[in-house]
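Subject: Structure handover

Hello,

Here is the structure for you to look through.

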Amino acid sequence: MTLAVRARWRRGADFTLDVDLELAPSGVTALFGRSGCGKTSLLRIIAGLERTSDAEVRFRGQRWQEGRHFLPLHRRRVGLVFQEHSLLAHLSVRGNLLYGYRRTPARQRRHHPDAVTVILGINGLLDRRIDQLSGGQRQRVSLGRALLSSPQLLLLDEPMSALDTQTRREILPFFSDLAAHADVPIVLVTHSPDEVQRLADHVVFMDDGRIECVESLKDTLARPDSPLFGNSGPASVLEGRLLAGSGDGLTRFGNDRIELFLQTSQPPPAGTSRLSIQSSDVAISTHRLAGISVLNQLEMTIRQLDRLRPGRVLVTGNLADGQALSAEITEHSAARLGLEHGQRCYALIKSVALLD
Amino acid sequence: MFGLSPADWQAIEVTLRLCFYTTVILLIIATPIAWWLAGGRSPARVAVQAVVALPLVLPPTVLGFYLLIVLGPRGFIGGTLENLGLQHLAFSFEGILIASVIYSMPFAVQPLTEAFNNLGRRPAEVAGSLGAGIIDRFFTVILPLTKGGFVVAATLTFAHTLGEFGVILMLGGSIPGETKVLSVLIYDHAEAMNYQAAHRLSFMLLVFSFITLFLVYSFTRRFEVAKV
């Protein structure tokens, strides 16, 4: 395993962080929880920003902290991106980007500044002063700066929560590209279910200084009572590619096994995208229906039936490509249709949201 | 020049030497203390803060008296030095240098603490995560971002040391070329009813101090504006 953390840290009179955790070897792991639940504290211990006495951190066989041994921050080679702007104000954009790059031994460098600045769309800003950048540009420079130090682990502390919705939409693709292509494990602190659904592969649920559970995104989405859902109820996340529209104003989404249609004004990004589908927006039919306005009918095999709350049933099935989709229907309908495990049926999807 | 006697010049030389060394030493000592003080609130920090600020409220004679006891031939430090075959520190330039460092400590520590508080820990954390060691971080990030604080600390320390009197009189006496600084010489001149000599030196100090403070305040104002 890659990253193992055990820590007991009393802060003030009424907060104790008490965790013992092993994190996934690759991909994006989200630390999810309300503010004040200790996720940032945990991140700071991993980074070496807090030197607490009762903590152990190991990463890929390297001892970062154990007993009196403490590998200082600058020798851990972690990339940090913070919530608020953390660029060095006395340096230009270029100076910031190269600060870590210059301090990385040539043989450890995995990225070239020219490539990174082009990917992040900041190659035109190199000579700007920091105070001449917008919030989104600042976060992109922070991300580029962290990447150019060729970290072995990227730690993102709510990197998008200080941005407005529009800016977040503009910057999220960079993060999801990064998640998909950077060969570096990422730990993302967030309180936004959207960000988790969009970016994460694994989720660590935290509450009041403790870890409630660690799950893959798939597993947590398959669980009707997942804390990720909050007030809006269960949802499914489908992964696929967006393909350009065919003149009917619709964009195709999916892969060679499944296909959905959606309306979006944005040009399809390269790489994979994710869709979120509220389970309450999905109906079930035992036959493919003609003469219905719903565009998206997907065949699925029922895998699981969960009683949500009185009168409501969550039907979860596997689509043709193996991805899971769930529908929230009434107990009465489930009984009337005689739904059971292993049965084939059609999911009628009334609306989808592109996670961007 | 300026109608100053050789003795006056000697006192000026001793004073400037004392101010220069005090400033250099204090910037080196005060930086880590101020960084630590800016790190948060804890009983230990409050205690250190109070100790550092003591020279602001104590009569200089009290400080000078205790230093005389500690650094003198029978004091803990002075005595140890004598046992090692060295000179004790009372009535010596080294002695008044130590006294100045302690006496001017708040004037170096407080502006730096303030500057570090304003800066916050984030820039240093970022630099560390990008591979910069502690010394590297200090010179490439902290110093450039808090240089205003360093200018203020250095100038105030220098100017305050220039105005020292009581501590030096208690500990250093009035040895020409060794511990006789300007303020002590002015006192001597006045005692000897040599008002004209006293006036020349006093006026020089007055003008010099005003210019220094004027520069510091105009600089801090510009610094604040630049920060916004």
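**Confidence and conventions**

Chain B has an average pLDDT of 89, and 96% of its residues score at least 70. (pLDDT is the predictor's confidence in each residue, from 0 to 100.) This is a predicted model, so local features need pLDDT of at least 70 and side-chain atom pairs count only at pLDDT 80 or more, while totals for chains, interfaces and linings use all residues. Residues are numbered from 1 along each chain as its sequence is written, and chains are lettered from A and ligands numbered from 1 in the order in which they are written.

Within chain B, helix 8 (residues 134-145) has the highest mean pLDDT of the elements, 95. Helix 12 (residues 195-227) of chain B has the lowest, 81. Helices (H or I, at least four residues) and strands (E, at least two) are DSSP runs, numbered from the N terminus. The model scores ipTM 0.79 and pTM 0.80.

**Chain A against chain B**

The contact draws 18 residues from chain A and 14 residues from chain B. Two residues are in contact if their C-beta atoms, placed from the backbone, lie within 7 Å. On the chain A side, strand 7 (78-81) and helix 2 (93-102) each give two or more residues. Strand 7 of chain A supplies the largest share, three residues. By type, that side has nine nonpolar, seven polar and two charged residues. (Ala, Val, Leu, Ile, Met, Phe, Trp, Tyr, Cys and Pro count as nonpolar; Asp, Glu, Lys and Arg as charged; the others, Gly among them, as polar.)

**Domains of chain A**

Chain A splits into domain 1 (3-217) and domain 2 (235-355); the bounds come from an automatic or database domain assignment. Their centres, taken over C-alpha atoms, are 34 Å apart. Seven residues of domain 1 touch seven of domain 2. On the domain 1 side, helix 5 (165-181) and helix 6 (193-199) of chain A each give two or more residues. That side holds three nonpolar, one polar and three charged residues.

**A sheet in chain A**

Five strands of chain A form an open sheet, in the order 16-20-17-18-19, with antiparallel pairing. (Two strands pair if DSSP finds at least two bridges between them.) Strand 16 (282-285) and strand 19 (324-330) of chain A are the edges; each has a single partner strand, so one side of each lacks a neighbour in the sheet. Strand 17 (residues 296-307) and strand 18 (residues 312-319) of chain A pair over seven bridges, in the antiparallel sense. A:Met300 has A:Leu319, in strand 18 of chain A, as its bridge partner.

Best wishes
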